[in-house]
Protein chains: 2
Amino acid sequence: MRKSDIPPAPKGFLFSAVEAAIKKPGRKDLALIFSETETVMAGAFTTNNVKAAPVRACMKQIASGAGRAIIVNSGNANACTGRQGLQDARSICRTAAQRLGVSASLVYPCSTGVIGSPLPMDRILPAADTLARRIGSATLLDVARAIMTTDTFPKMVHRKVRVNGRTGSIAGICKGAGMIAPRMATMLCFMMTDVAVDGRALSALVKDSVRHSFNRITIDGDMSTNDTVLAMANGLCGNKPLTRTSAGFAEFQEAFNRLMYDLSLLVVKDGEGATKLIEVLVKGARTTADAEKAAFAVANSSLVKTAMYGNDANWGRIMCSLGYSGVRFSEEKTDIYFNRVKVVKAGLTTNRDAEATAELRSNEVRITVDLHAGKASAQVLTCDFTEDYIRINAEYRS
Amino acid sequence: MRKSDIPPAPKGFLFSAVEAAIKKPGRKDLALIFSETETVMAGAFTTNNVKAAPVRACMKQIASGAGRAIIVNSGNANACTGRQGLQDARSICRTAAQRLGVSASLVYPCSTGVIGSPLPMDRILPAADTLARRIGSATLLDVARAIMTTDTFPKMVHRKVRVNGRTGSIAGICKGAGMIAPRMATMLCFMMTDVAVDGRALSALVKDSVRHSFNRITIDGDMSTNDTVLAMANGLCGNKPLTRTSAGFAEFQEAFNRLMYDLSLLVVKDGEGATKLIEVLVKGARTTADAEKAAFAVANSSLVKTAMYGNDANWGRIMCSLGYSGVRFSEEKTDIYFNRVKVVKAGLTTNRDAEATAELRSNEVRITVDLHAGKASAQVLTCDFTEDYIRINAEYRS
């Protein structure tokens, strides 16, 4: 990546990244995001009953609505590590906080990687100290790279925003390429802005954004122990803090939502082993909940996803997954399209499979299902299912 | 297979199989099971909202509790084929019934194969006539072969049973290697016995057996449109018909359950692309429903199944799937074993991953989870997830 491709950081955000040799030596695996001033902080976390230690720590800290830094490692999830895991997460924050000269409660810990192994604290603590000492020496790209696990590329977004006559900016990074499932954030996503946003507004914004981005993508139906979205707003843009009723809030919200959506799109594009992005749009459902359920049933079906990989317009598998989705609909009223090719009309084949198959030879495919049962709709993003997914996950720890 | 391996048919059951060139020429794809006398008939069917035409036909016919024959084709599921599909299923039964000299309502239609194409009736109707004419010319093995789709071997079971001093027998065949999921029978399973069984008893028996066999296996989490279990009891053994309170019923039930279980085991062993049979046993759950939910979450996890394929004792993925199963439990109390190797004690690693990995290098692995939350347990069978699953399903229709 050329230097010019590195998104500029919002005002007052500094970065560093170091090598703590957590999984294997030779790559940066510990990173720090730091704001020169205290930030408003909001978050969304995994709904998995088994939550990693750093997630539990963040959930406690976020109650204050304030933050200053995020310290994050890859290579080890610090999940299923008991009381020791929680102590480790706190020690790391304390070490960095001390060196940064801030309160440890304002430093949020995040981890991603293998579940069930204790963190190598003998290497991480000195590295955390170095990390804090070197703050400002790295770019957002370095951090985006340091948090990668099976990701094949770093994931970053950036946008300038006009708020009350001032120009601010929002930047975001995330990582995630597998174990991505509905009712979840991605594995890790960090949003930063210099726009001043009121705490309640930021919190509502994050929850709303997650609903329409990371909660609408699925790769393998598995749900992680570590998924975390954290958003920091340090207000250095100098605007009057946005509340949900502010004049500029809607525009800011739109920009924020768009960036979160773009990040979630990058995650699906980087789906483990994926060769295709697949949009599943279910319309004509009785309720939005029905539309989501139906779309997720299609998007999670191994048989649909392997058919997409094989460029096979096998709509029977789509009808089949709609059938077990638990949604009330009539097969006899249902239409199915691959891109613009209508392959099923009122539950029956239109004999256009050959045409549809040609459509599938693209790296982006839209499956549209019209249930003709109501007016609600929902869209879910997924990817195809390939031998490489198997390979990546069979060999993950070896 | 040697002739001596062909299981003997229960008294009065005759078979035939012919080639109707439904999918591709060169293999038998239409088969008939016929009883010389009227049978008591019971069944269990897919709970998918989208049901194939033959399933809808069978569900209607089974209300009579009586049968005489099953006519079954592979290569085409006759699903999502609308009113025409239902008419086709009935025409096939009528054609065979006429030639056999029995009522069409006693002939049950079944289909398996690709969804959404109309049956090639111009080839099937003459073949159905030939099939009926040749009744008695084939063995149970021929029928088991004729119903195969992605199966790599025919699936048959047989057992002699003693009932009230008489010797009867039960035989069964089934097909299924993918699209096998919970809350389902397999794709097709036909049980035959010459033991006389009362209609209500046989019906209860089938439902109970399915619960502990085909409803406790999962391969890809997909649920078929065609899954059907049919059981025929013609009473030619001459015993007084068994009711649920008969002296010999418990023994008969045990034999019947065992055979159904064995058939479901064969399906998992033949899981598309599978190299390993995996038993997931969840014990110490609060309720049986919880135990089942937890066991299915583990057994359906793509990440667990790829780890098993990679001989990776990655118990974190098991804990993770328990976490999103929706079951209430404490991570801190949970133990996990691979075979007899305890890899997790009270939520923490025992550092025995190397030992556990050695256990995984076998073609049968048992994962045991003890939630220490209650006394209920459940076992689910599944298989590992390999590149071949992808290949088979990406190329299914080509």
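Which strands of chain A does helix α7 lie across? The legends below refer to a predicted model, in which local features need pLDDT of at least 70 and side-chain atom pairs count only at pLDDT 80 or more, while totals for chains, interfaces and linings use all residues. Residues are numbered from 1 along each chain as its sequence is written, and chains are lettered from A and ligands numbered from 1 in the order in which they are written.

**View 1. Helices α7 and α9 on the sheet of chain A.** Helix α7 (residues 288-300) of chain A lies across β9 (277-285), β13 (364-370) and β14 of chain A. Its direction is about 25 degrees to β14(A). Helix α9 (residues 315-324) of chain A lies across β10, β11 and β13 of chain A, at about 50 degrees to β13(A). Helices (H or I, at least four residues) and strands (E, at least two) are DSSP runs, numbered from the N terminus. Axes are lines fitted to C-alpha atoms, for helices over the stretch in contact, and angles run from 0 to 180 degrees between N-to-C directions.

**View 2. The open sheet of chain A.** The sheet has 6 strands in the order β12-β11-β10-β13-β9-β14 (chain A), with mixed pairing. Its edge strands are β12 (348-349) and β14 (376-383) of chain A, each of which pairs on one side only. Two strands pair if DSSP finds at least two bridges between them. Strand β10 (residues 335-338) of chain A is joined to strand β11 (residues 341-345) of chain A by 3 bridges in the antiparallel sense. Opposite Ile336(A) stands Val344(A) in β11(A).

**View 3. Packing of α5 on α6 in chain A.** Helix α5 (residues 199-212) of chain A packs on helix α6 (residues 249-269) of chain A at an angle of about 40 degrees, and their axes are 9 Å apart. α5(A) is therefore oblique to α6(A); oblique covers the angles left after those under 35 degrees (roughly parallel), over 145 (roughly antiparallel) and 65 to 115 (roughly perpendicular). From α5(A), Ala201(A), Leu205(A), Ser209(A) and His212(A) take part in the contact. They meet residues of α6(A) including Phe249(A), Phe256(A) and Met260(A). Two residues are in contact if their C-beta atoms, placed from the backbone, lie within 7 Å. The residues of this contact divide into 6 nonpolar, 4 polar and no charged. Ala, Val, Leu, Ile, Met, Phe, Trp, Tyr, Cys and Pro count as nonpolar, Asp, Glu, Lys and Arg as charged, and the others, Gly among them, as polar.

**View 4. Helices α6 and α9 on the sheet of chain B.** Helix α6 (residues 249-269) of chain B lies across β9 (277-285) and β14 of chain B, at about 45 degrees to β14(B). Helix α9 (residues 315-323) of chain B lies across β10, β11 and β13 (364-370) of chain B, at about 50 degrees to β13(B).

**View 5. Chain B against chain A.** A rotation of 180 degrees with 0.0 Å of shift along its axis superposes chain B on chain A (RMSD 0.0 Å). The two copies are thus related as by a two-fold rotation axis. Copies are superposed by least squares on the C-alpha atoms of residues with pLDDT of at least 70 in both. In chain B, the C-alpha nearest the axis belongs to Glu387(B), 2.3 Å from it. The contact takes 50 residues from chain B and 50 residues from chain A. On the side of chain B that touches chain A, α8 (302-309), α9, β12 and α11 (387-394) of chain B are the elements giving two or more residues. α9(B) gives the most, with 7 residues.
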